[in-house]
Amino acid sequence: MEEESSSRSLLLEDFGQKVDLTRRIREVLLNYPEGTTVLKELIQNADDAGATKVCLCLDRRSHATTSLLSPKLAQWQGPALLAYNNGVFTEDDFASISRIGGSGKQSQAWKTGRFGVGFNSVYHLTDLPSFVSDKYVVLFDPQGDYLPNVSTLNPGKRIEYVSSSAISRYRDQLSPYCAFGCNMESSFPGTIFRFPLRNEEQASRSKLSKQAYMADDVSSMFVQLYEEGVFTLLFLKSVLCIEMYVWDTGMPEPRKTYSCSISLADSDTVWHRQTLLRLSKSINSSEYKMDGFLLDFLSEDISGDQSQKRVDTFYIMQTMASGSSRIGSFAASMSKDYDIHLLPWAAVAACISDNSSRVMVISSKMAGHFVSSPCQ
Ligand SMILES: Nc1ncnc2c1ncn2[C@@H]1O[C@H](COP(=O)(O)OP(=O)(O)OP(=O)(O)O)[C@@H](O)[C@H]1O
Ligand SMILES: [Mg+2]
């Protein structure tokens, strides 16, 4: 009898198919360019979550390393990119971000997210992304190297920090998230991501990326995002304002360097920007529906001695892409000829405030990441 059970256990060898997470992340990084793409994926996720404000902050400070979850985490207390938005994670969002692939948004045609991978472009910057939303802090460690009691099979942790008063035991671990109104004591009505930058030494050991990032690289990304600023905001549905900050060592709070916003956003603007949401819910989908509206964008550069402001006016047209609309059939031919994966909606915008360069922009989702391509 005993022999039979032991021979049975011998026959039952663990042999399931497994995905190598670090390899999967390396593949994602090949498909997502570095640079502002990462920031734009974060902005789009915030937009899909219904956020109206996004703040990006280059945190140049080095944080204390005494009360951490594990001593191995000390090396991730250095400079980081913080990304705040005023949307909150639902239980479905927590589940969705812990999977790669298979976005939970596919049944919601108006959302930009499609593939369930965009967030993972943050692995360009870090090996240890983390975030706080509602009453939780989540840390991902795909290599199973840094967090306590993790393995490559279970490569992350979620902590309910409110009722456990985690801040009193792990102050140094949790204080870097104390920004943009988050105090790590009460539940936070927004989301703050923290991406500690991968240094040279970590890059040489990383199985995710061999690319190191310096604080100045993030600074340059902010300049570039500011230059593309208006184009980033053009086709969003909820986000009205994107701000960029730098938090210098020794300073009590971050300093604003750039901002891009929709000027004079009123209920009309909100109504037009949510056209796609309405169209995707309309009963008779074969009906030809299109919406056009004017938007003023305000950009402000506060990084120099004096702040510089400019306003650009765009005319925006959007439609759910169906063959019955001109823009829809254009979208269909683009996707056939250029292998562009188009969203079920399409949009064009023209800058009408600047006569010298009438910029046309079209939006689509190419090989996973969202693009707004200016054309003259
Ligand atoms: N700011 C946020 N607020 C709420 N949920 C978020 C936020 N950022 C990410 N998420 C959750 O994380 C999930 C994963 O994001 P990810 O960008 O990888 O996929 P996606 O947006 O669904 O698809 P795509 O790859 O096309 O962008 C999202 O589907 C969402 O549920
Ligand atoms: Mg996304």
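This is a predicted model: local features need pLDDT of at least 70, side-chain atom pairs count only at pLDDT 80 or more; totals for chains, interfaces and linings use all residues.

Trainee: What does the secondary structure of the protein chain come to?

Mentor: The protein chain holds 11 helices and 13 strands. Of its 376 residues, 38% are buried. Among contacts with a separation of 6 or more, 64% join residues 24 or more positions apart.

Trainee: How many residues of α3 are buried?

Mentor: A residue is buried if 20 or more other C-beta atoms lie within 10 Å of its own. In α3, 11 of the 13 residues are buried, so this helix is largely enclosed by the rest of the structure. The buried residues include Val38, Leu42 and Ala46, and also the charged side chains Lys40, Glu41, Asp47 and Asp48.

Trainee: At what angle do the axes of α3 and α8 cross?

Mentor: The axes of α3, residues 36-48, and α8, residues 215-234, come within 10 Å and cross at roughly 50 degrees. The two helices are therefore oblique to each other. The crossing in which α3 passes α8 is right-handed.

Trainee: Which residues make the contact?

Mentor: From α3 come Thr36, Leu39, Lys40 and Ile43, and from α8 come Met221, Gln224, Leu225, Glu228 and Thr232. By type, the residues of this contact divide into four nonpolar, three polar and two charged. Leu39, Lys40 and Ile43 are also among the buried residues of α3.

Trainee: How should I read a positive phi?

Mentor: Most residues other than glycine have a negative phi. Aspartate 134 has its place in strand β3, residues 130-134. Methionine 184, also not a glycine, has a positive phi near 60 degrees, and is found in the loop between α6 and β6.

Trainee: Is aspartate 134 buried or partly exposed, and what of methionine 184?

Mentor: Aspartate 134 has 18 other C-beta atoms within 10 Å and is therefore partly exposed. Methionine 184 has 21 C-beta neighbours inside 10 Å, so methionine 184 counts as buried.

Trainee: Where is serine 175 found, and which residues is it in contact with?

Mentor: Serine 175 is in the loop between α6 (171-174) and β6 (188-196). Leaving aside neighbours within four places in sequence, serine 175 is in contact with His63 and Met184. Serine 175 and alanine 64 are 111 residues apart along the chain, yet their C-alpha atoms are separated by 9.1 Å. Serine 175 counts as partly exposed, because it has 16 C-beta neighbours inside 10 Å.

Trainee: Which residues does aspartate 312 touch?

Mentor: Aspartate 312 lies in strand β10, residues 308-320. Not counting residues up to four places away in sequence, aspartate 312 touches Val230, Phe297, Cys351, Ser353 and Asp354. Aspartate 312 has 20 C-beta neighbours inside 10 Å and so counts as buried.

Note on methods: Residues are numbered from 1 along each chain as its sequence is written. Chains are lettered from A and ligands numbered from 1 in the order in which they are written. Axes are lines fitted to C-alpha atoms, for helices over the stretch in contact, and angles run from 0 to 180 degrees between N-to-C directions. Helices (H or I, at least four residues) and strands (E, at least two) are DSSP runs, numbered from the N terminus. Angles under 35 degrees count as roughly parallel, over 145 as roughly antiparallel, 65 to 115 as roughly perpendicular and the rest as oblique. A crossing is left-handed if the near helix is turned anticlockwise from the far one by less than a right angle, and right-handed if clockwise. Two residues are in contact if their C-beta atoms, placed from the backbone, lie within 7 Å. A residue is buried if 20 or more other C-beta atoms lie within 10 Å of its own, exposed if 12 or fewer, and partly exposed in between; C-beta atoms are placed from the backbone.
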